Amino acid sequence: MDGLLIGIDLCDDICRVSAMKTTDGEPDDIVFPQADGHGWVQTAVGRMSGEADFHLGKDAYSAALEGKGIFADHLLQGLIKNESHSVGEAQNPLSAQELFTAFLRCVLDRTAEQEGTGEILVLTIGVPSVDLQLINALTVCTDACGIARGRVSIVSRTEAMLCCVLSQKRELYAAESMIFDWSQGQISLSSMSVLRNTEPESVYSDRKVLEKDVSEDLTADEVKLHLADEILADHAEKEFAGRHISSVFLCGRGFDQFAAQEKSRFLQAVSGRNRRVFIDQNLFARGAAAISADRYQQKAVADGRREERRSAFPYTFLCEGRVRATILMEVLNHGQKAALILAREGTLWYDVKTNAELILDDTDSINVRIEMSGGKLVRSFSIPLDNFPKRPNKTTRVQVILNFVSEKEALIRVVDLGFGDLFPASGAVRKSRIRIQD
C-alpha cells in the first residue's frame with residue numbers, strides 16, 4: 001500500500017513538514033506557497049469573514065490586516081491553555097482544538113498536494129515540550145482529522161532531531177554531536193552521545209538555552225551579523241572545550257546568513273579539529289519523518305507483510321520526553337531477591353502507568369531505588385507506611401501505583417488492600433513524589 005509517512009516539526013511560531021511515500025528512500029521537505037515558497041509556514045490560521053475555508057501563513061495574516069477576517073496564532077499555547085478565539089464571525093468562537101485542527105488539515109492537504117497522495121500511514125509530531133495537556137489536545141485534533149491513534153506518535157523535538165542524526169553515517173556520531181538550534185526566538189545547544197557500553201546502546205542528549213529573546217532576523221545587517229557571530233563564537237569555544245566532537249549541526253533560520261561568511265569566527269570555532277559542520281533547516285521534521293518510516297516498517301513486520309527488519313533506532317533514548325532513570329523496588333519472589341521495575345529508563349514518561357500488588361513481609365515501608373544506565377545508583381529512599389493498620393506479618397496486601405506528573409517527577413501511591421475477609425481494607429493511602437533529576 002503506497003501512502004504517506006509524515007514528520008512535523010511543530011513550534012509556536014513556525015511549522016516544518018517532511019514526508020515520504022512508502023516506496024521512497026528519503027523524505028521530501030514540504031514547500032508552502034502560503035509562505036512565499038519556503039519550507040516552513042507560520043503556525044497561524046485564519047479565514048475571511050463569511051467564508052468556510054481556512055488559510056495558512058500570509059493568507060491568514062492578510063485577512064486580518066485587510067479587516068476582512070480574523071486570524072489566530074500561537075496555536076500551541078492556545079491548546080495548552082484551552083483558549084477560544086473568534087475567527088471569521090465574532091458570534092461563533094472556536095476552541096483552540098478546533099483552530100489547530102483547521103491548521104493541521106491545511107498542512108496535511110498541502111502535504112498530500114505536493115506528494116500526490118493523501119493516505120496517511122504514520123504521522124509523527126515533534127513538539128518543543130512534551131506537556132501532557134498538549135499531548136491530549138493534539139490527540140483530539142488528529143482524531144478530528146481522521147487519523148487513527150495507532151498511526152500517530154508525539155515526541156519531543158529533541159528526539160526527532162536525534163533520529164535525524166542517527167540516520168546519517170555512523171562516523172558523524174562516532175563521538176559527540178552538537179546541535180545549535182536558532183528558533184522560537186532563542187538559541188539553544190543540544191549534545192548527543194551514543195553510550196556503547198550499554199545493552200541496548202543508549203543515546204544521551206542534554207539541551208541548554210544559550211540566548212533568549214533573540215530574533216532570527218538579527219542577521220539582517222552587517223553590524224548585527226558581526227555581533228551574533230561574536231556571541232555564538234564565545235558560546236562555542238566555551239562549550240566545546242575539552243570535548244571530542246565528530247559533527248556539528250546548525251538549524252534554524254537564524255543561521256542562514258552564516259554560510260556565506262568567509263571570516264566567521266563562529267564557523268571557525270565549530271569546524272575546528274576536522275569536525276563536519278552542516279547547516280540543515282529541516283533536521284527536526286526529517287527526524288520525525290524517519291520515526292514514521294521506522295514505525296511503518298516495524299508494523300509491517302508485526303503484520304507478517306515483510307521479512308523481519310531491525311529497527312533503525314534500536315536504542316534507549318535518554319532525552320527530553322523520556323524517563324532518564326529506572327525506578328525499581330527490591331522484592332522477594334518465591335524466596336529469591338528480584339527487582340520489580342516500576343518505570344524503565346527510556347520510556348515515554350506520559351506512557352508510564354504501573355500498578356503492582358505486594359504483600360508486606362516484616363516491614364512497614366516501601367523501599368525504592370533510582371538507577372541510571374548500567375545499574376548506577378542515583379539514590380534510594382523509603383516510603384513509610386506508618387498510617388497503615390498494624391497487623392500480623394504477611395497479612396497486609398498493598399497496591400503500588402506509579403505515574404509521572406512531568407518528565408522529571410513521578411508520583412507513587414501505596415494503597416492498603418487489607419487481607420481478604422480477615423483484615424478488610426482500611427482505605428489508607430500514602431503518597432510520595434519522586435524527583436528523577438534536578
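## A nonpolar surface patch

Ile 359, Phe 419 and Leu 422 make a nonpolar surface patch of about 290 Å². Patches consist of residues with over 30% relative accessible area and no salt bridge, nonpolar side chains (Val, Leu, Ile, Met, Phe, Trp, Tyr) being joined within 5 Å and like charges within 9 Å. Accessible areas come from the Shrake-Rupley method with a 1.4 Å probe, and for residues only the protein chains shown count as cover. Phe 419 sits in the loop between β24 (409–418) and β25 (429–435). Phe 419 has a relative accessible area of 31% and is therefore partly exposed; buried means under 20%, exposed over 50%, and partly exposed in between (1.4 Å probe, protein chains only).

## Model and overall form

The model is predicted: local features need pLDDT of at least 70, side-chain atom pairs count only at pLDDT 80 or more, and totals for chains, interfaces and linings use all residues. Residues are numbered from 1 along each chain as its sequence is written, and side-chain values use heavy atoms, with hydrogens and water left out.

The protein chain has eight helices and 25 strands; helices (H or I, at least four residues) and strands (E, at least two) are DSSP runs numbered from the N terminus. Along the principal axes, the C-alpha atoms fill a box of roughly 75 × 60 × 45 Å. Of the 438 residues, 50% count as buried. The chain exposes about 20,800 Å², with carbon and sulfur atoms supplying 47% of it. Among contacts (heavy atoms within 4.5 Å) with a separation of 6 or more, 64% come from residues 24 or more positions apart.

## Nonpolar cores

The largest nonpolar core has 70 residues, and those with the most contacts inside it are Ile 8, Leu 10, Phe 100, Phe 103, Ile 327 and Phe 404. Helix α3 (residues 96–115) gives the most to this core, with nine residues. Apart from it lies another core, of 24 residues, among them Leu 166, Tyr 173, Val 194 and Phe 313. A nonpolar core is a set of buried Ala, Val, Leu, Ile, Met, Phe, Trp, Tyr and Cys residues joined through side-chain atoms within 4.5 Å.

Not counting residues up to four places away in sequence, Leu 10 touches Cys 15, Thr 43, Leu 76, Phe 100, Phe 103, Ile 125, Gly 126, Val 127, Pro 128, Leu 138 and Arg 157.

Ten of the ten residues of α5 are buried, so the helix is largely enclosed by the rest of the structure. The buried residues of α5 include Arg 157, Glu 159, Met 161 and Leu 166.

Arg 157 and Asp 181 meet through their side chains in a salt bridge (3.0 Å, N to O). Arg 157 lies in helix α5 (residues 157–166) and Asp 181 in strand β12 (residues 176–183), so the pair ties together parts that are 24 residues apart in sequence. Arg 157 is buried at 7% relative accessibility, and Asp 181 is buried at 8%.

## Other salt bridges

The whole structure holds 23 salt bridges, each a side-chain nitrogen of Lys or Arg within 4 Å of a carboxyl oxygen of Asp or Glu. In one of them, Arg 151 pairs with Glu 119, the closest N and O atoms being 3.5 Å apart. This pair links distant parts of the chain, 32 residues apart: Arg 151 is in the loop between α4 (132–144) and β11 (152–156), and Glu 119 is in the loop between α3 and β10 (120–127). Arg 151 is partly exposed at 29% relative accessibility, as is Glu 119 at 35%.

The side chains of Arg 391 and Asp 416 also form a salt bridge (2.9 Å, N to O). Arg 391 lies in the loop between β22 (376–384) and β23 (397–406), and Asp 416 in strand β24, 25 residues apart. Both Arg 391 and Asp 416 are buried. Salt bridges that share partners join Glu 230, Asp 234, Glu 237 and Arg 265 into one network.

## Cysteines

The count of disulfides (pairs of cysteine sulfur atoms within 2.5 Å) is zero. The sulfur of Cys 141 has its closest cysteine sulfur in Cys 145, 7.2 Å away, which is too far for a bond. Cys 141 is buried, at 0% relative accessibility.

## Val 277

Val 277 is found in strand β16 (residues 276–279) and is partly exposed, with a relative accessible area of 30%. Leaving aside neighbours within four places in sequence, Val 277 is in contact with Val 248, Leu 250, Val 270 and Ser 271. Val 277 and Val 152 are 125 residues apart in sequence and 32 Å apart in space, C-alpha to C-alpha.
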